[in-house]
Amino acid sequence: RVLGHCLRAPPLSCFPRPPQAPPPAHSPSCLCPGSLCKLVASGDEAGSEGRCVGCRRYRCPWRSEASDPPGAGIPGLFSRVQTPVAAGRSFSTSPSQHQASSPVWKLGRLNHVAIAVPDLEKASSFYRDVLGAQVSEAVPLPEHGVSVVFVNLGNTKMELLHPLGSDSPIAGFLQKNKAGGMHHVCIEVDNINAAVMDLKKQKIRSLSDEAKIGAHGKPVIFLHPKDCGGVLVELEQA
């Protein structure tokens, strides 16, 4: 060692320092909200050379090209410069001309999932005695050709459906699915008449021309499963 320096490695002062760009000053043409878009040099509060204090980006979209720091377009001057914003990009806060109008009806919560069962008493016992759910007594609905047991799950319900009468729609389902299975899902809507008219315009078929009173005493309509991804969907007035 000579004068405190190792002879094997020259002191750091021997290496020439790379030229540093002058710290960019605040631009009078700054368009950043609140006049926060000033570029700061390395070591200031932003913590990165050439980064905007307001939006923390190297090329702030609120700044015009005239307010870029000296040497901003030179490769390598700012090691982490992000891709500049496209020239045609607009930052207008006015609503879009292509924004869709508000629908006249809205989809609500899941009301219930209906399951067709070949043995209503056995299915009721499973949900009541095995799973511990709240299960109602069987409710006959001859106008719909089914007997229904309601299973309360707290956040939604299940309906156990069993054929009632010779022309029950559930009978044909059980002929194809001997062990039973999910028959349909029911979703609430805030305006079922408006929903029916709108869906007809969108070529979504339904199993009836208009809504009918369902098991809960409210208007319902069933949508064709071939237009709903293979699922029979029931809409019910909320």
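## Getting started

Two strands count as paired if DSSP finds at least two bridges between them. Strands (E, at least two residues) and helices (H or I, at least four) are themselves DSSP runs, numbered from the N terminus. With that in hand, look at V189, which stands opposite Q237 in β11.

What you have here is a predicted model, where local features need pLDDT of at least 70 and side-chain atom pairs count only at pLDDT 80 or more, while totals for chains, interfaces and linings use all residues. Residues are numbered from 1 along each chain as its sequence is written, and side-chain values use heavy atoms, with hydrogens and water left out.

## Strand β11 and its neighbours

Let's stay with β11. Strand β8 (residues 181-189) pairs with β11 in the parallel sense, over 5 bridges. β10 pairs with β11 too, but in the antiparallel sense and over 4 bridges; there, L223 stands opposite V233.

## Helix α3 and the residue after it

What does α3 pack against? Its buried residues pack against β8, β10 and β11 (contact means heavy atoms within 4.5 Å). Those buried residues are I192, A194, A195, V196 and L199. An α-helix has 3.6 residues a turn, so residues three or four places apart point the same way.

Just after α3 comes K203, with a positive phi of about 65 degrees. Most residues other than glycine have a negative phi. K203 is found in the loop between α3 and β9, and it is exposed, with a relative accessible area of 69%.

## Salt bridges

How many salt bridges are there? A salt bridge is a side-chain nitrogen of Lys or Arg within 4 Å of a carboxyl oxygen of Asp or Glu, and by this rule the count comes to 4. One of them joins the side chains of R205 and D227, at 2.9 Å from N to O. R205 lies in the loop between α3 (192-201) and β9 (212-213), and D227 in the loop between β10 (219-223) and β11 (233-237), so the pair ties together parts that are 22 residues apart in sequence. R205 is partly exposed, with a relative accessible area of 43%, and D227 is partly exposed as well, at 26%.

Salt bridges that share partners join E121, R128 and D129 into one network. R128 meets E121 at 3.8 Å, N to O, and R128 also forms a salt bridge with D129, with the closest N and O atoms 3.2 Å apart. R128 is partly exposed, with a relative accessible area of 34%. E121 is exposed at 52%, and D129 is exposed at 52%.

Notes: Buried means under 20% relative accessible area, exposed over 50%, partly exposed in between (1.4 Å probe, protein chains only).
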